[in-house]
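I opened my notebook to look a few things up in this model. Here is what I was looking at.

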Amino acid sequence: MMKIVNRLAAMAAAVPLLVSCLFENDMAYPRVYAEVLSFGVAGQESVTIDASRNTVSVVLEETADITRLEVTDFTFTDGAVCDDMGPGSVIDLSSPKKIVLRTYQDYEWTLSATQPVDRHVGCKGQVSYELFLNQNPRQVFVYIADNQDITSIVINDVKLEPEGAVLKGYEQDGEIVPIESFPLTLDCNMSRYFVYEYKGEEIRWQFKVILTEVGLAVSESDCNIWATFADVAAIYDGTGSPYFRYRASGSGSWTDVRDVDASGTTVTATIDGLLPETGYELMAVNGDTESDVVTFITEAAAQVVNSDFDDWYQESNVWYPNASADSFIWDTANKGVAGFSSWGVPFPTSREESDVKSGCAVKMVSQNAIAVLAAGNVYTGKFIKTSGLGAELDWGTPFTSRPLALKGWYKYAPKPIDKSDTDHAGLKGKLDTCQIQILLTSWTEPFKVNTSEGDFVDFDNDPGIIAYGKFEPNVSRAMQDYEEFVIDLEYRDLTRKPTYIVITACASKYGDYFTGGVGSTLFVDEFELVYDRVQEEKL
């Protein structure tokens, strides 16, 4: 009997397997990933969206209330749903917040925020300072050279709480003495307390001065080495007349640099006339005392390949401003209109051999391309594919040097704007403007531009932008001759090194928005990156 029961049980267990073989499940849902595409809150300085980790990281202004942040921007993958919040919601990011985006599956994302506060203190003879935020009261220890008289410490500046906090004064004999202005002289033999008021709370900071021995030394962490110059720094005891000496590594003679800026216990200078990719030795000198010698190597003064635009090659019926497909640095919008060439639509960007500054140049024309304006352009990167009425592009080519400027030659003939999208309709009738721009970035890959979807670089807020500059000349009539332009790079970060460079030129400034004057024509030639500080100042 037991054997019969076991056989029946085995047959019952096999039925679902048989059914699953006879009837295939054709109702499987597609896998649609849900991603946050954009995010913003009031009081935000920047945001980083990492789709690989499903995280959104926000950096807030000092004055933002991290516990009550209004969501000003929140978009995600089409077809996804988020029940946790939306634009206009008020959220608390004092600790990470989890949200769920739903398609056919659930995708959890984490929102977090940081709120850097600029806290600093500056005293005469100061070497360094330390802040201790988790103490009660909070503490700031100021280290000054041991040759200073702490019975009369000069305090030049104090900011220990966020913007909006009120420095009520310092405690003396149990009373709060108001501070009318800086510099402020105090006897710091005893411990002092600064008193702030912030959001109705009184916050006390213990202020303590500590004497420390200061030797003459080059401060390597404060030196910034470029291709043809170096910003150098050293610490000393605040007395005497310090200066610098340098020489090429292995050479015999030293060169003195006496044009220095000495403040407190720090001395700085800029050394010009250095050679790229060259080793140097550096020391600080004060009287008969010499610091230890430190060595450094200057950066490379690289140029972007084919930035004179002399080399071109043709593939199918499309011309490219490169020597070959194996040396692909520059691209144009030509590939996007290649399919219309048989209909008589000319390429908006072409090789120019006669109207040039030297060799070959780039000619860019804004023109009709069936339904929209196609603005002639050239850029470092690669055309990926057409997208709707626009295109997908990769902006940027690998690059690790730090130039100071981009110079070159241009010639422009503008036309009145007669084509536009809805957002730029108000520009119709106004004279067109060309644009040349340059970016140095720390991106890990080229930036993916999509002109039909409005995916463009955020030039003001992209945290990956290290330096930026642009040239938008006011040209009122067709230029007869080439003129030189210079774009100074404005560095937003002097410590990070770039990984990509973007250089773009366009016959119509708003060409990405299908806006410009049909017939506007821009020629560019002989681009060159400038690395010499003295040369850049003369341009």
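Which strands pair in the antiparallel sense over 6 bridges? I found that strand β6 (residues 97–102) and strand β7 (residues 106–114) do. Two strands pair here if DSSP finds at least two bridges between them. Helices (H or I, at least four residues) and strands (E, at least two) are DSSP runs, numbered from the N terminus. Through 3 residues, a hairpin joins β6 to β7. Across the pair, Leu101 stands opposite Tyr107 in β7.

A note on the source: this is a predicted model, where local features need pLDDT of at least 70, side-chain atom pairs count only at pLDDT 80 or more, and totals for chains, interfaces and linings use all residues. Residues are numbered from 1 along each chain as its sequence is written, and side-chain values use heavy atoms, with hydrogens and water left out.

I looked up cis peptide bonds next. One joins Asn136 and Pro137, with omega about 5°, and Pro137 sits in the loop between β9 and β10 (138–145). The bond from Phe182 to Pro183 is also cis, omega being near 5°. Pro183 belongs to the loop between β13 (175–177) and β14 (184–186).

Then I checked phi. Asn54 is not a glycine, yet its phi is positive, about 55°; I located Asn54 in the loop between β2 (44–50) and β3 (55–60). Asp173, not a glycine either, has a positive phi of about 55°, and its loop runs between β12 (166–172) and β13. Asp173 counts as exposed because its relative accessibility is 76%. For these classes, buried means under 20% relative accessible area, exposed over 50%, and partly exposed in between (1.4 Å probe, protein chains only).

**Salt bridges**

I counted a salt bridge as a side-chain nitrogen of Lys or Arg within 4 Å of a carboxyl oxygen of Asp or Glu. By this rule the count comes to 23 salt bridges.

Glu161 bridges to Arg119, the closest N and O atoms being 3.9 Å apart. Are Glu161 and Arg119 buried or exposed? Both are buried.

Glu202 forms a salt bridge with Lys168, the closest N and O atoms being 3.4 Å apart. Glu202 is in strand β16 (residues 201–212) and Lys168 in strand β12, so the pair ties together parts 34 residues apart in sequence. Glu202 is partly exposed at a relative accessible area of 45%, and so is Lys168 at 30%.

Arg533 pairs with Asp272, and here the closest N and O atoms are 2.5 Å apart. Arg533 is in helix α3 (residues 533–538) and Asp272 in the loop between β23 (266–271) and β24 (279–286), 261 residues apart. Arg533 is partly exposed, its relative accessible area being 25%.

I picked Lys124, in the loop between β8 (120–123) and β9 (126–132). Lys124 and Gly429 are 305 residues apart along the chain, and their C-alpha atoms are separated by 60 Å. For Tyr513 and Thr422, 91 residues apart along the chain, the C-alpha separation is 9.2 Å. Tyr513 is in the loop between β43 (500–506) and β44 (521–530).
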